[in-house]
Amino acid sequence: MSMKLVVGLGNPGDKYALTRHNIGFMAVDLIINEFNSQTWQQKFNSLIRSHLIENSKVLFIKPLTYMNLSGLAVQLAMNFYRISSENIVVFHDDIDIPLGAVRLKKGGGHGGHNGLKSIIDKVGQDFIRVRIGVSRPENKDVSNYVLSEFSAPEIALLNKSLSKCPTGLSYIVNGSIEDFHKVFSTKC
């Protein structure tokens, strides 16, 4: 049985809970709630949970290292369970995608995203990225923008997209990338 490592990127603490940078945490929480998996445990500088999806054991982690050091937590879990980088799926925010749009990408650079940069530095770049659009700020202040909270209408739009994440992850786990794209190509 193959094992997948699913990482939700974000920053720990209530202060960051509804910020753009925490969309990875939000997506993983929604997936976990859909599968009614056991409670979170703390290990590998992360909150962790596991679940069986499509005959694959899936370990979910939310690094508690803060965004810039996410790679440390990912590396610890990856090494402990001997998971190859090709079996890692990272849910994260992307300012180059419109709010609520979701795109899948395998490999590549970090595009200025410090969480991705940290993971690439620690485990390489051959992992799958689920890029969740948070749009680009009108001003050029990206740092403050990604740490700002979503408005109520933005959250409503995001919830429609995020509600597709459990199905999307099932398609990733069973290798049906084309079906993943179909799920997220339809407008919410």
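Modeller: Helices here are DSSP runs of H or I with at least four residues, strands are runs of E with at least two, and both are numbered from the N terminus. This is a predicted model, in which local features need pLDDT of at least 70 and side-chain atom pairs count only at pLDDT 80 or more, while totals for chains, interfaces and linings use all residues. Residues are numbered from 1 along each chain as its sequence is written, and side-chain values use heavy atoms, with hydrogens and water left out.

Colleague: At what angle do helix 6 and helix 7 pack?

Modeller: Two packed helices are described by the angle between their axes and the distance between those axes. Here helix 6 (residues 165-173) packs on helix 7 (residues 177-185) at about 165°, with the axes 7 Å apart, the axes being lines fitted to C-alpha atoms over the stretch in contact and the angle running from 0 to 180 degrees between N-to-C directions. That makes the two helices roughly antiparallel, a label given to angles over 145 degrees.

Colleague: Which residues in helix 6 meet helix 7?

Modeller: Cys165, Thr167, Gly168, Tyr171 and Ile172 in helix 6 meet Ile177, Asp179, Phe180, Val183 and Phe184 in helix 7, where contact means heavy atoms within 4.5 Å. The residues of this contact divide into seven nonpolar, two polar and one charged, with Tyr and Cys counted as nonpolar, Gly as polar and Asp as charged.

Colleague: Which residues are linked with Lys182 in a network of salt bridges?

Modeller: Side chains of opposite charge can pair when their charged atoms come close. The rule asks for a side-chain nitrogen of Lys or Arg within 4 Å of a carboxyl oxygen of Asp or Glu, and by it the count comes to seven salt bridges. Glu178, Asp179 and Lys182 are linked in such a network: the closest N and O atoms are 3.7 Å apart for Glu178 with Lys182, and 3.9 Å apart for Asp179 with Lys182. Glu178 and Lys182 are separated by about one helical turn because they lie four residues apart in helix 7. Glu178 counts as exposed at 57% relative accessibility, and Lys182 as partly exposed at 48% (buried means under 20% relative accessible area, exposed over 50%, partly exposed in between, with a 1.4 Å probe and protein chains only).

Colleague: Which residue forms a salt bridge with Asp94?

Modeller: Arg131 does, with the closest N and O atoms 2.7 Å apart. This pair links distant parts of the chain, Arg131 in strand 7 (residues 128-133) and Asp94 in strand 5 (residues 88-94), 37 residues apart. Arg131 is partly exposed at 21% relative accessibility, whereas Asp94 is buried at 10%.

Definitions and conventions: Parallel < 35°, antiparallel > 145°, perpendicular 65-115°, else oblique.
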